[in-house]
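Here are my notes on the model you sent. Please read them with the coordinates open.

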Amino acid sequence: MFSVRRSQRLSNKERIQIQLEESESQEEKTYSQKVTKRTTKSNVSRQNIKKARVKKTDLISESVEEEDKLSNNSAQPKQENKNLLLPPEKDKKVSHKTMPSIKSLESVTPLLLRNFTAKKLVGAHVSAAKGVYNSIYNAHQIGGQAFALFLKSQRKWNSPEYTEEQISTFHKALKNFTYSSNQILPHGSYLVNLGNPDGDKRDLSYKAFLDDLKRCEQLGLKLYNFHPGSTIGKCTSAESIHFIADGINKAHQETKSVVCVLENMAGSGNVIGSKFEELRSIIDLVKDKARVGVCLDTCHAFAAGYDLRTKETYKQVMDEFEKVVGFKYLRGLHLNDSKTELGSKKDRHELIGKGYIGLDAFKFIMNDVRLDGIPMVLETPFSGDAGYAQEIELLYSLVEK
């Protein structure tokens, strides 16, 4: 039996590598057939999970009873939200028959939540700490059918380049965990402001922006979501919009395929993008229309005055979006409730159904066929992996049969 103490020394990278070595096995080929039907309850509890039975896969190789016993017998304190894999003994050969991949019963939960046939691709913004490939594992663990990540540190302008090993591991992990590029919506750095009228500062932002786009291409990702920018109170909105479009056009010339996805904003201060018309103005100035898009953030839209709470107002907002921007440019959504009232111009995210927007708006979204097949990413206040998993399950439960 493997030592729990040893499991604490196994990194996410090693866990993923072990998964990759078994990806060509027969169990892997029939993976999607062996995942238990996701539960229909939004409040997933330990008691409900105990009633579930998940067959062996490359991720679950020992019985639920054995895993629970292993977890209960551990002398180590419980580590919340750490779904650690157990390493093999050094003198034993690793195989899907000898390697238990799930530490405890709680770790099975995300596997029960995954919905491979869903038309809506719901997930969350997950951590890519200690290796960009870790984002894939983290998205899988919460049952996400989509996810967002930061491609590098958000606290500094420059970050180390990806190694060939990191890039290779990311590509293999995507295949192993059955994600495609259309399910992933990377988020740009908050430091970047392409609309800054200061030429030197705008150039610094552009270099960071371009670096992110090149990282997307290294990882085979097609979309890149970012905040348009701000006038910082030193130029007109029209001038700032031209700066933003110029940056996009220049970046398109230095990259090959990534779509620059403009995020709508809440409207505080001097930011650009709180109005659909501003997003359209940027798009109009972009030369390659196939490589520009929009991500709608529900909290930002609500804070900017777009009311999503009733069928009538939801329809009005979406009709206006179609008229001004066009659904052909919609490449993703950020699903967030709001801590503040309609038109507050404050970007304050809240848990789904717990804020001023309310649950009905998200029911309209989950049943809007125009939103099928695009990444829909939670950015709600983080309450642990279990919190994201339950919100994902809640959203899927809103789909009408």
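This is a predicted model: local features need pLDDT of at least 70, side-chain atom pairs count only at pLDDT 80 or more; totals for chains, interfaces and linings use all residues.

1. The protein chain carries 15 helices and 11 strands. Of its 401 residues, 55% are buried. The chain exposes about 18,700 Å². Carbon and sulfur atoms supply 49% of that area.

2. Contacts along the chain. Take the contacts between residues at least 6 apart in sequence. Of these, 79% join residues at least 24 apart.

3. Strand 11. This strand spans residues 375-378. Both of its faces are covered. Pro 375 and Val 377 sit on one side, Met 376 and Leu 378 on the other, and all of them are buried. Strand 11 pairs with strand 1, residues 121-125, through 4 bridges, and the two run parallel. Strand 11 also pairs with strand 8, residues 330-335, again in the parallel sense, over 3 bridges.

4. Leu 378 as a bridge partner. Which residues does Leu 378 partner? Ala 124 has Leu 378 as its bridge partner in strand 11. Leu 335 also has Leu 378 as its bridge partner there. Leu 378 is itself buried.

5. Strand 8 and strand 7. Strand 8 is mostly covered, with 5 of its 6 residues buried. Strand 8 is joined to strand 7 by 4 bridges, and these strands run parallel. Asp 297 stands opposite His 334 of strand 8. Asp 297 comes up again in the next point, as a residue of the cavity lining.

6. The cavity. How many cavities of 30 Å³ or more does the structure hold? There is 1. The largest cavity has about 70 Å³ of space. Its lining consists of Phe 276, Leu 296, Asp 297, Thr 298, Ala 301, Leu 308, Val 317, Met 318, Leu 333 and Ile 365. By class, that is 8 nonpolar, 1 polar and 1 charged residues. Strand 7 (292-297), helix 12 (298-303) and helix 13 (311-324) each give at least two residues to the lining. When you inspect this site, start from those three elements.

7. Strand 3 and strand 5. Strand 3 covers residues 223-226. Leu 223 and Asn 225 point one way, Tyr 224 and Phe 226 the other, and all are buried. Strand 3 pairs with strand 5, residues 259-263, in the parallel sense over 4 bridges. Asn 225 has Val 261 as its bridge partner in strand 5.

8. Ser 230. Ser 230 belongs to strand 4, residues 229-230. Is Ser 230 buried or exposed? Ser 230 counts as buried because its relative accessibility is 14%, and the cut-off for buried is under 20%. Leaving out residues up to four places away in sequence, Ser 230 touches Asn 193, Gly 195, Asn 196, Ser 240, Asn 270, Val 271 and Ile 272. Asn 270 is 40 residues from Ser 230 along the chain, yet their C-alpha atoms are separated by 5.4 Å.

9. Two positive phi angles. Two residues deserve a look at the backbone. Ile 232 is not a glycine, but has a positive phi of about 50 degrees. Ile 232 lies in the loop between strand 4 and helix 10 (237-254). Its relative accessible area is 35%, so Ile 232 is partly exposed. Lys 345 is not a glycine either, and has a positive phi of about 60 degrees. Lys 345 lies in the loop between strand 9 (337-338) and strand 10 (349-350). With a relative accessible area of 48%, Lys 345 is also partly exposed, because exposed would require over 50%.

10. Gly 358. Gly 358 sits in the loop between strand 10 and helix 14 (359-366). Gly 358 counts as buried, because its relative accessibility is 16%. Which residues does Gly 358 touch, not counting residues up to four places away in sequence? They are Asp 337 and Gly 353. The C-alpha atoms of Gly 358 and Asn 336 are separated by 10.0 Å, and the two residues lie 22 residues apart along the chain.

Conventions. Residues are numbered from 1 along each chain as its sequence is written. Side-chain values use heavy atoms; hydrogens and water are left out. Buried means under 20% relative accessible area, exposed over 50%, partly exposed in between (1.4 Å probe, protein chains only). Two strands pair if DSSP finds at least two bridges between them. On a 1 Å grid over the protein atoms alone, a cavity is a set of points where a 1.4 Å probe fits but cannot get out, and a pocket is an open set with protein on both sides within 12 Å along at least five of seven lines; lining residues have an atom within 4 Å of a point. Grid points are joined across faces, edges and corners, and a volume is the space filled by probe spheres set on the points. Ala, Val, Leu, Ile, Met, Phe, Trp, Tyr, Cys and Pro count as nonpolar, Asp, Glu, Lys and Arg as charged, and the others, Gly among them, as polar. Contact means heavy atoms within 4.5 Å. Accessible areas come from the Shrake-Rupley method with a 1.4 Å probe; for residues, only the protein chains shown count as cover.
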